[in-house]
Amino acid sequence: MDKTKADLLTISVVLFKNEPTHITQLCACLSAEDIDMQVYFIDNSPDKSLNFIVSNYSHFNYIWVGDNVGFGKAHNIILNKVMDFGAIHLCLNPDVYFEKGVLSNLLKVMQRRSDVGLLLPRVLNPDNSDQPLYKLLPNPLQLILRRFMPKPAKRVFSKYMSRYELAGVSPDLVFEAPYLSGCFMLLRKDALKEVGCFDERFFLYFEDVDLSRRINEKWSTLYYGEESIYHFFQRGSYDSIDLLMHHVKSAIKYFNKYGWFFDKRRMVVNNSTINQLKLSETIR
């Protein structure tokens, strides 16, 4: 790679026994974009069977890890490799796809907004319904209610939960959000150089909360609702005991790192986000 190419976009996609049709669809989307890019598919799967898809695209790179090292650590392998090439990096899920030109338009936003360290576009389900993947910083009670409480109890706390999930906020707005989903993280490398890459203590889940939070302390974390992507959303921890245990372990690590019921920055950032959105909705 040429270090002089400031407009080079680097991309990492972490694989683990994914649906081949999703990877094929993503490869087609990336190939259609008229962008100078370097794409890395890093595979945590137990074998190299997914390489047959990537190998159809000579300009894409396939790396087989040979072990499931986790989501954040796999992305970090590529980030450490490409940090000095180009200004922007995209951490992308293999079950994402988008229309031609969307990625180019999002890069233009990053060029205009030099304060943005992380950007997430509007995320849609394949049926065009919204998948709101922007939230406030979580506290333990919200996560317990969200994951374990029966529906009658959730109704009692509906207003409390709606605040955390930013329910009712129009998904076509542009606003600051302290927690943006890891399915599509458009990252400025200068921000990563300042705050660090993924915390590898999080094997799966909460690595995106943690990185969003750290970037938000120094840079803008922007939800950009004027461009949209599609995502085959899966709630793995609702269907798998193993994934649920990973979710719980990561939550414990997160709150041990930042504080359980006393987290001053969480309170300040969340209140600031709520106030900003009330102002935006008034103006709109």
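What follows is a walk through the fold, the core and a few residues of this protein.

The model is predicted, so a local feature is reported only at pLDDT of at least 70 and a side-chain atom pair only at pLDDT 80 or more, while totals for chains, interfaces and linings take in all residues. Numbering starts from 1 along each chain as its sequence is written, and side-chain values rest on heavy atoms, with hydrogens and water left out.

To begin with the overall picture, the protein has 12 helices and 11 strands. Of the 284 residues, 52% count as buried; buried stands for under 20% relative accessible area, exposed for over 50%, and partly exposed for what lies in between (1.4 Å probe, protein chains only). The accessible surface comes to about 13500 Å², and 53% of that belongs to carbon and sulfur atoms. Such areas come from the Shrake-Rupley method with a 1.4 Å probe, and for residues only the protein chains shown count as cover. Among contacts (heavy atoms within 4.5 Å) with a separation of 6 or more, 80% are between residues 24 or more positions apart.

Now for the inside. In soluble globular proteins, nonpolar side chains tend to be buried together. Here the largest nonpolar core has 91 residues, and Leu30, Phe41 and Phe184 touch the most other members. A core of this kind is a set of buried Ala, Val, Leu, Ile, Met, Phe, Trp, Tyr and Cys residues joined through side-chain atoms within 4.5 Å. Leaving aside neighbours within four places in sequence, phenylalanine 41 is in contact with residues including Val13, Leu15, Leu26, Leu30, Phe60 and Ile63.

Serine 12, in strand S1 (residues 9-15), has 0% relative accessibility and counts as buried. Histidine 75, from helix H3 (residues 71-82), is likewise buried, with a relative accessible area of 0%. The side chains of serine 12 and histidine 75 are joined by a polar contact of 2.7 Å. That term covers a pair of N or O atoms within 3.5 Å; within protein, one must be able to donate a hydrogen and the other to accept it, and residues adjacent in sequence count only if both atoms are side-chain atoms. Beyond four places in sequence, histidine 75 touches Ser12, Val13, Val14, Cys91, Leu92 and Phe198, while the list for serine 12 includes Tyr40, His75, Ile78 and His89.

Rings are another theme, with 14 aromatic pairs in the structure. Tyrosine 254 and phenylalanine 255 have ring centres 5.2 Å apart and planes at 80 degrees, so this pair is edge-to-face. Tyrosine 254 also pairs with tyrosine 258, this time tilted, at 5.0 Å centre to centre and 50 degrees between the planes. The rule is that rings of Phe, Tyr and Trp (its six-membered ring) pair if their centres lie within 6.5 Å, with planes under 30 degrees apart called stacked, over 60 edge-to-face and the rest tilted. Tyrosine 254 and tyrosine 258 are about one helical turn apart because they sit 4 residues from each other in helix H11 (residues 241-258). Both of these tyrosines are buried, and phenylalanine 255 is buried as well. Ring pairs link Phe206, Tyr254, Phe255, Tyr258 and Trp260 into a cluster. The charged end of arginine 213 sits over the ring of tyrosine 258, 3.9 Å from its centre; this calls for NZ of Lys or CZ of Arg within 6 Å of the ring centre and within 35 degrees of the ring normal.

Finally, some residues elsewhere. Lysine 17, in the loop between S1 and helix H1 (20-32), is exposed at 58% relative accessibility, and its phi is near 50 degrees, a positive value in a residue other than glycine. Serine 228, in strand S11 (residues 220-231), is partly exposed at 24% relative accessibility.

Technical notes
Helices (H or I, at least four residues) and strands (E, at least two) are DSSP runs, numbered from the N terminus.
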